[in-house]
Amino acid sequence: MAVSLHQGVAEVKEQLDSAAVAVFQQRVWRAQRVAWALMALIVLAAVAGLLGPGPLSSRTVTSADGAFRVDYARFLRRGTRTTLRIHVRPATAEASTLALWLARSYLETMKVDGVVPPPGRVQAGPDRMTWSFEVNPQPGKPLTVTFHLLPEGSGGLRAEVGLGTGPTLGFRQWVYP
Amino acid sequence: MDSVVRAVLVYALLLGLFRSAGKRTLAHTTTFDLVLVLIISEAISTALGGDDYSLTNAAIIVVTLILLDIALSVVKRQSPRVEALIDGLPLVLFQDGRPRAEHMARERLDIDDILAAARERHGVTRVEDIEEAILERSGEISVILRNRPSSKG
C-alpha cells in the first residue's frame, strides 16, 4: 500500500516537472504580464478622462458666429450625471428672454435632471424642446445656462443645441455602460 | 479620473488602518472578525463607488485596486524595508519552550491563543510540547513542537 502510494506521488511529481508544464507556466506568466500592461493602460485612460470625466473628456464648442458656446463632456457613463453649460454672448442676450433648445432625439437618451436658472417656459416641438428664460443681461458678461443631464442609455449620442431661431451647434458624446 | 483617485485613497486608508490595528485584528480568529470585515466593506463601498453605478466605474476601481496590489508586491519584493513597513515582521511569541511575555502583551495575545493554534494544527494540548510559536505577518500563529526525545526538559 505504502509502495503504491509512493509510486503515485512520484508519478505526480514527474508530471508536474515535465517540459509541457514548464512551457504552459511560461505562457501563463507572459499572459499575466500582458494583462498587467492592459490594466495599467485602463487606469491611465481613466485618469486622462477617456473612460469618463477627466481632462481629455472636457470639450468646448463655439457656434460659427460666436453667439454661444457649449461646455460638455465627451465621455460619459450610463446613469451618472453630467452637465451641459451653455454660455450666451451678451449681444445675443440683450432681449429680456433667452430661448435655448435641445434636439428631441438627444433627449430620448438624456434625461433632463434640472436646468439652472429655472426656465420661465418649456415648449415641446416635434423635433425640439425649447427652454425660455427671463434674463437681465449685463453688458460684457455672458449668460450661462446649465443643463444637468442623466444618460439613460449607452453608446454614441449626437447632441444638437440651438439659440432660439438662430445658430445651432452639434457635437458627439459617448456613454460607457 | 475620480474613480482612480477614490480607489487609491481607499486603498491607502485601509492599509493604514489595518496596519495600525495590529496583525491579529482581522485574522478571522473570531466570528466577530468576519462580521467586522463585512461591515467595513459595506461602509467603504459607497465611498469607493461614489454615485456612479456604471459598470465602467466598477471596472476601473477594481483594476486600480488590483494594480496597486501588484505594484506594491513588486516593490515589497525589491525592498525589505518597505515590506516590513507594510506587512510587518514575524514576531517570536515562544522561544525554547518559554513564552516571550512582552511580545505577547504588545500583540494582545495570551497563552490561550497559542494553545488554540497548537490544538488546531498539531492536536497538542500541553504548553510543555511547544518549542516555538511565531506570530506570522498574516496574523496566524505557527507552532513548532518540541522534539521530545532530544529535548532537554
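**Figure 1. Loop of chain B around Arg108(B).** Arg108(B) is found in the loop that lies between helix H5 (101-106) and helix H6 (111-122) of chain B. Helices (H or I, at least four residues) and strands (E, at least two) are DSSP runs, numbered from the N terminus. Arg108(B) has a phi near 55°, a positive value in a residue other than glycine. Arg108(B) is exposed, with 11 other C-beta atoms within 10 Å. A residue is termed buried if 20 or more other C-beta atoms lie within 10 Å of its own, exposed if 12 or fewer, and partly exposed in between, with C-beta atoms placed from the backbone. The structure is a predicted model, in which local features need pLDDT of at least 70, side-chain atom pairs count only at pLDDT 80 or more, and totals for chains, interfaces and linings use all residues. Residues are numbered from 1 along each chain as its sequence is written, while chains are lettered from A and ligands numbered from 1 in the order in which they are written.

**Figure 2. Loop of chain B around Asp96(B).** The loop between strand E1 (91-95) and strand E2 (98-99) of chain B contains Asp96(B). The phi of Asp96(B) is positive, near 50°, in a residue other than glycine. Asp96(B) is exposed, having 11 other C-beta atoms within 10 Å.

Figure 3. Strand E3 (residues 130-135) and strand E4 (residues 141-145) of chain B run antiparallel and are joined by five bridges; two strands pair if DSSP finds at least two bridges between them. Glu132(B) has Ile144(B) in E4(B) as its bridge partner. Five residues lie between the strands of this hairpin, and Gly139(B) takes a positive phi near 100° there.

**Figure 4. Cis peptide bond in chain A.** Val116(A) and Pro117(A) are joined by a cis peptide bond, with omega about 0°. Pro117(A) belongs to the loop between strand E6 (110-116) and strand E7 (121-124) of chain A.

**Figure 5. Contact between chain A and chain B.** Chain A contributes 18 residues to the contact and chain B contributes 16 residues; two residues are in contact if their C-beta atoms, placed from the backbone, lie within 7 Å. Helix H2 (residues 19-48) of chain A supplies the largest share of the side of chain A that touches chain B, seven residues. The model scores ipTM 0.78 and pTM 0.81.
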